[in-house]
Structure formats: C-alpha cells, structure tokens
Amino acid sequence: MGVTSARTLSLNTLVRLQRGLRTPAAPLLRLPVPEGMTAPMGCDAVAVPARFGPLVMPRLPRVGCVYADEAHWWWLVPSDSDYALEWPTPARYDTGAVVPDAPDLPGLIHRPDGTLPYTPPIPLYLAVCRLTNTTPSWSRPITA
C-alpha cells in the first residue's frame with residue numbers, strides 16, 4: 001500500500017488563488033510606489049470617499065503614501081491587510097493597489113519620510129470604523 005500525503009491549504013493561500021482568477025477587461029491603473037521607496041510586503045490600497053480623507057489623516061499615528069482625486073483618497077497598505085478584516089462601507093479595499101473606476105491615476109498628496117510607503121492598516125481600519133460609526137469586526141457579537 002502506498003503512502004499518500006494531502007496538502008493542506010490555508011485560508012491565506014485560498015484567498016490568493018481566488019484573486020489570481022480575476023481577469024480584468026480593461027488595463028489596470030495601479031498606484032505607484034514613489035521613486036526611492038520600497039514595498040517589501042507588496043501593496044494594496046484602502047479607498048475612502050474624498051469627504052472622509054481629511055478626517056482620517058489626523059487620526060493616524062503614521063501616514064504612508066496617500067493618493068487622491070476628486071472622488072476618493074487611497075492609502076497604501078501592505079498586501080493582504082484585508083485578512084480577517086471587514087472594511088466598513090463606504091471604504092473599499094483594492095488588492096494590488098489597483099484603482100478601479102478612476103478615469104486617471106490619482107495624484108500623490110502625501111509622501112512619508114523614509115523608504116516605506118505604508119500606512120499601518122489597523123489604525124487606518126479603526127479610524128475608518130470610527131468615522132463610519134461601524135463596530136470593528138472583532139468587537140461584534142457572535143451569532144449562531
């Protein structure tokens with residue numbers, strides 16, 4: 001009798017595989033990492049309506065690269081910062097720092113000192129939850 005080994009896939013692996021199946025119909029606009037900066041953890045982005053942008057900024061202990069146009073502001077965060085988080089509406093999590101529905105690439109309105117472009121995702125998540133009057137996902141009661 002031969003020995004078989006089963007490979008276990010984590011939730012993280014399954015999420016990445018699902019993302020790889022998406023095929024865009026049009027060319028993608030991706031927020032660039034500014035020259036002189038590095039993104040060793042990859043980049044995703046969190047978008048909020050432009051009216052929330054100035055309200056989020058002062059609530060953050062560190063602000064990474066922020067891009068904006070008339071409709072939205074985007075914060076660069078490390079890849080997979082949506083893992084186990086439900087970003088509240090009207091925020092949107094954009095995998096790969098792709099900006100769907102934007103007619104042009106948004107402009108860079110904030111660049112941090114140093115070489116890392118990231119805004120820490122947990123303080124950003126909490127700031128967006130606070131502004132949208134949403135209870136963070138880990139604080140919600142569990143229902144059966």
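Is Ala84 buried or exposed? Select Ala84 to begin: this residue is exposed, with a relative accessible area of 66%, where exposed means over 50%, buried under 20% and partly exposed in between (1.4 Å probe, protein chains only). Ala84 lies in the loop between β3 and β4 and has a positive phi of about 65°, although it is not a glycine.

The model on display is predicted: local features need pLDDT of at least 70, side-chain atom pairs count only at pLDDT 80 or more, and totals for chains, interfaces and linings use all residues. Residues are numbered from 1 along each chain as its sequence is written, and side-chain values use heavy atoms, with hydrogens and water left out.

**The whole chain**

Next, colour the chain by secondary structure. It comprises three helices and five strands, in the sequence pattern α-β-α-β-β-β-β-α. Helices (H or I, at least four residues) and strands (E, at least two) are DSSP runs, numbered from the N terminus. Of the 144 residues, 38% count as buried. Contact means heavy atoms within 4.5 Å; among contacts with a separation of 6 or more, 77% are between residues 24 or more positions apart. The chain exposes about 9,000 Å², with 57% supplied by carbon and sulfur atoms; accessible areas come from the Shrake-Rupley method with a 1.4 Å probe, and for residues only the protein chains shown count as cover.

**The nonpolar cores**

Select Val48, Val56, Leu60, Trp73, Trp75, Trp87 and Leu124. These residues have the most contacts inside the largest nonpolar core, which has 21 residues. A nonpolar core is a set of buried Ala, Val, Leu, Ile, Met, Phe, Trp, Tyr and Cys residues joined through side-chain atoms within 4.5 Å. Two or more residues come from each of β1 (43-49), β2 (66-68), β3 (72-78) and α3, and α3 gives the most, with five residues. In soluble globular proteins, nonpolar side chains tend to be buried together.

Centre the view on Trp73. Leaving aside residues up to four places away in sequence, Trp73 touches residues including Val46, Val48, Pro54, Met57, Tyr67 and Ile109. Then select Met37, Cys65, Ala97 and Ala102, which are included in a second, separate core of 13 residues.

**The aromatic cluster**

Show the rings of Trp87, Tyr93 and Tyr125, which form one aromatic cluster. Rings of Phe, Tyr and Trp (its six-membered ring) pair if their centres lie within 6.5 Å; planes under 30 degrees apart count as stacked, over 60 as edge-to-face and the rest as tilted. By this rule there are three aromatic pairs. The centres of the Trp87 and Tyr125 rings are 5.2 Å apart and their planes stand at 85°, so the pair is edge-to-face. Trp87 is in the loop between β3 and β4 and Tyr125 is in helix α3, 38 residues apart, so that the pair links distant parts of the chain. Both Trp87 and Tyr125 are buried.

**Backbone stops**

Which peptide bond is cis? Select Thr89 and Pro90: the bond joining them is cis, with omega about 15°. Pro90 is found in the loop between β3 and β4 (92-94).

Proceed to Asn133, in the segment after α3. Its phi is near 55°, a positive value in a residue other than glycine, and Asn133 is exposed, with a relative accessible area of 74%.
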